[in-house]
Amino acid sequence: MFTRYLKAAALAAVALAATLAPLSHAQTPVGKPLQVIRLADQPSAEVSYAVVWAADALGYFAEEGIRIERKTYANGPAGLLEFANGSVDAAMAAIAPFMQFAASGGDFKMVISLTKGNSALVGLKKYNSYADLNGKKVGVPGLGTTHDAVLSYVEQSQNLKYQRVMGKITDIAVMLDKGEIDAYIGWEPASAMAIAQNPEKLHYISQLPPIKNVESLEMIVQTKLAKEKPELVTGYVRAIRRGIEYVKNNPKEKVAEIIVKKMGDPKMLALVTTALDSVILTEPRIDMPSVRILMQTIAKQGKIPAERAKDVDGWMAQYIDYSFLDRAEKSLGLAK
């Protein structure tokens with residue numbers, strides 16, 4: 001089941017990436033025009049983006065006059081290539097690829113944080129810590145991902161060294177199942193799915209990464225869209241913010257029910273419920289202490305210029321735009 005799901009996710013990613021369409025108006029069955037937002041995400045990441053899919057399933061986007069057109073790419077950096085050429089209007093990915101994109105001249109507005117945590121370490125049951133994997137083969141879903149940054153932070157802070165094996169999330173999970181790697185660090189629900197495929201052999205070595213409240217995923221939008229259609233972006237952020245409130249105020253089992261419907265497989269309910277413990281979904285603003293650590297880490301890797309890590313807050317301030325979130329929270333009575 002797991003392998004079939006992963007293959008289907010990979011095929012869907014290719015198909016979706018090939019069907020790019022311009023920002024337009026679509027007609028609902030009742031004839032009401034909806035503005036389409038083309039949104040980049042990654043395969044097997046429904047848990048990671050639970051607040052967005054909850055907003056979609058509960059009709060919050062529709063109430064804002066928005067229809068999401070989902071575009072699935074292998075990982076965050078791949079989606080950013082499409083964002084850069086204007087093929088998508090918004091992208092949800094991780095802080096490390098976003099800021100590497102910024103360092104290379106990318107332009108965007110980061111409007112809300114979606115997820116913290118989301119770097120579960122899954123591996124053979126004989127391993128029980130990052131230290132146990134010293135010198136071993138660890139799968140990573142691509143250079144430039146936050147997962148790679150978290151792994152580098154562990155190496156730098158604990159004086160460890162891993163044999164990195166790069167690959168798509170859909171591939172490295174299968175490699176772990178086959179015994180070709182010893183562990184992998186990845187997002188959810190792909191991590192929980194790998195364990196479910198072989199529970200006698202695999203387990204969570206560490207379900208949450210060793211950086212407190214570590215910033216993981218955010219939503220960015222095109223700067224042009226933010227300038228030309230601020231009301232649309234505010235409505236878009238408001239819908240997501242409502243999704244966060246739903247997750248905050250409901251049992252995770254109810255959130256899991258929404259996610260498995262998005263995945264199209266109700267048999268995944270128990271698995272997804274477990275996977276929700278790998279993510280923090282209720283804090284809509286960027287966690288700057290963890291971002292400073294991540295930026296310093298990727299600067300040491302040579303992925304961003306060293307000077308960017310000297311004033312992380314000032315650099316991030318050039319891209320974070322909370323004005324849409326502030327207006328959304330005020331309209332929802334959530335402003336502090």
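A residue is called buried at under 20% relative accessible area, exposed at over 50% and partly exposed in between, with a 1.4 Å probe and protein chains only. Helices (H or I, at least four residues) and strands (E, at least two) are DSSP runs, numbered from the N terminus. The model is predicted: local features need pLDDT of at least 70, side-chain atom pairs count only at pLDDT 80 or more, and totals for chains, interfaces and linings use all residues. Residues are numbered from 1 along each chain as its sequence is written, and side-chain values use heavy atoms, with hydrogens and water left out.

**Helix H7**

Select residues 169–178. This is helix H7, which is mostly covered, with seven of its 10 residues buried. Those buried are Ile169, Thr170, Ile172, Ala173, Val174, Met175 and Leu176.

**The nonpolar core**

Select Met219 and Tyr236. These residues have the most contacts inside the largest nonpolar core, which has 117 residues. Such a core is a set of buried Ala, Val, Leu, Ile, Met, Phe, Trp, Tyr and Cys residues joined through side-chain atoms within 4.5 Å. Helix H10 (residues 230–249) gives the largest share of this core, nine residues. Beyond its neighbours within four places in sequence, Tyr236 is in contact (heavy atoms within 4.5 Å) with residues including Ile37, Phe61, Ala90 and Met219.

**Aromatic pairs**

Rings of Phe, Tyr and Trp (its six-membered ring) pair if their centres lie within 6.5 Å; planes under 30 degrees apart count as stacked, over 60 as edge-to-face and the rest as tilted. The structure holds five aromatic pairs. Select Phe83 and Phe101, an edge-to-face pair with 6.1 Å between centres and 85° between the planes. Phe83 lies in helix H4 (residues 76–84) and Phe101 in helix H5 (residues 95–103), 18 residues apart, and the pair thus links distant parts of the chain. Both Phe83 and Phe101 are buried.

**Ser278**

Finally, select Ser278, in the loop between helix H12 (269–275) and strand E12 (279–280). Why does Ser278 count as buried? Ser278 does so because its relative accessibility is 0%. Beyond its neighbours within four places in sequence, Ser278 is in contact with residues including Lys116, Asn118, Glu188 and Gln207.
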